[in-house]
2 protein chains.
Amino acid sequence: MKVMVGGTFDPLHDGHRQLLARSFDLAGQDGQVVIGLTTDTFAHRKVHPVRPFAIRKKELEAVLSSMGYQTPWAVEPLNDRFGSATESDFDAIVVSEETLPAAVEINRIRREAGRRKVDIHQISCVLAEDGRWISSTRIYRGEIDIHGHVLR
Amino acid sequence: MKVMVGGTFDPLHDGHRQLLARSFDLAGQDGQVVIGLTTDTFAHRKVHPVRPFAIRKKELEAVLSSMGYQTPWAVEPLNDRFGSATESDFDAIVVSEETLPAAVEINRIRREAGRRKVDIHQISCVLAEDGRWISSTRIYRGEIDIHGHVLR
């Protein structure tokens, strides 16, 4: 099936890897994965600095290539919470606990526009060593590394 | 992975088949699927009459066998909205649009009890010929058959 997923991926941590891996598992070999990458304008709402789109895209593409999936994939810019997900033809969206409400909203908008709803797959956040979520904000603050190891 | 899913399955329609098929796809050959089947006491909250547990279980098991999955599965009684999902060790729960809130609630209860949260997979309801949901209530009323064909 055709699967959509999105994020800022900066820095790209084990929670992101889980999100991407599940997207490819769901899509299957005959499917397709579209990864929405937040634009710099949209990503700047984050509480921590974010590296430029081109750099994040390069890192994301390197990780995707290294994962070794046969399924075709593409990265597209994400200008807002929904991107093309309210309009494009696809089967399922993969989200984290934080972005589940956006997926529910996407289905509401699709329904109102007469489009079919998509399936929603929410992965539970990956926990760091200390039992709290791995997040880019915590990594930026120097609390944990990208694998969730506690740094102080 | 180990997947849980639940329902009354009476009558067992194409929406249920989709829910079951997705559960097995997610679990994979090395996984396991546990299907919670509502007990008669719990199922009687429905707006339409429900056939006895033993009959529903037999029909469900026949459908599961006919689906031809290699993945081991088991049917267990479901006495309330949550069943064993708040306590047992599993990876993902598969729900419909109607039961997504129960899955979110299950994760809240698990978290409060110090258990790890599970992933949530919500399938969008299967539509009947008339563009509205296939549901047991509509089938009971004689509006559609179990495949969503309009009967009047």
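Start by selecting residues 14–27 of chain B: this is helix α1, whose 14 residues reach 20 Å from the first C-alpha to the last, close to the 20 Å expected at 1.5 Å a residue. That expected span is 1.5 Å times one less than the number of residues. Helices here are DSSP runs of H or I with at least four residues, strands are runs of E with at least two, and both are numbered from the N terminus.

Before moving on, a word about the model: it is predicted, so local features need pLDDT of at least 70 and side-chain atom pairs count only at pLDDT 80 or more, while totals for chains, interfaces and linings use all residues. Residues are numbered from 1 along each chain as its sequence is written, chains are lettered from A in the order in which they are written, and side-chain values use heavy atoms, leaving out hydrogens and water.

**Stay on the helix**

Is α1(B) mostly covered or mostly open? It is mostly covered, with 10 of its 14 residues buried. Buried means under 20% relative accessible area, exposed means over 50%, and partly exposed lies in between (1.4 Å probe, protein chains only). Colour the buried ones, among them His16(B), Leu19(B), Arg22(B) and Phe24(B). Step off the end of the helix and you reach Gly28(B), whose phi is positive, near 75°.

**Show both chains**

Now bring up chain A beside chain B. Here 19 residues of chain A are in contact with 19 residues of chain B, contact meaning heavy atoms within 4.5 Å. The area buried between the two chains is about 1,500 Å², and carbon and sulfur atoms give 44% of it; buried area is the accessible area (1.4 Å probe) that two parts lose on being put together, summed over both.

Four salt bridges cross this interface, each a side-chain nitrogen of Lys or Arg within 4 Å of a carboxyl oxygen of Asp or Glu. To see a salt bridge between the chains, select Asp119(B) and Arg22(A), which meet at 2.7 Å, N to O. On chain A, α1 (14–27), α4 (100–112) and β5 (119–122) each supply at least two residues of the side that touches chain B.

**Visit Glu143(B)**

Glu143(B) is buried, with a relative accessible area of 15%. Its side chain makes a polar contact with the side chain of Arg138(B) at 2.8 Å. A polar contact is a pair of N or O atoms within 3.5 Å; within protein, one must be able to donate a hydrogen and the other to accept it, and residues adjacent in sequence count only if both atoms are side-chain atoms.

**Salt bridges within a chain**

Select Glu61(A) and Lys57(A), a salt bridge with its closest N and O atoms 3.2 Å apart. Both residues lie in helix α3 (residues 53–66) of chain A, four residues apart, about one turn of the helix.

Then pick Arg116(A) and Asp89(A), whose side chains meet at 3.5 Å in a salt bridge. Arg116(A) lies in the loop between α4 and β5 of chain A and Asp89(A) in the loop between β3 (73–78) and β4 (92–95), so the pair ties together parts that are 27 residues apart in sequence. Asp89(A) counts as exposed at 56% relative accessibility, and Arg116(A) as partly exposed at 41%.

For the last stop, select Asp130(A), Arg132(A), Arg138(A), Arg141(A) and Glu143(A), which are linked in a network of salt bridges.
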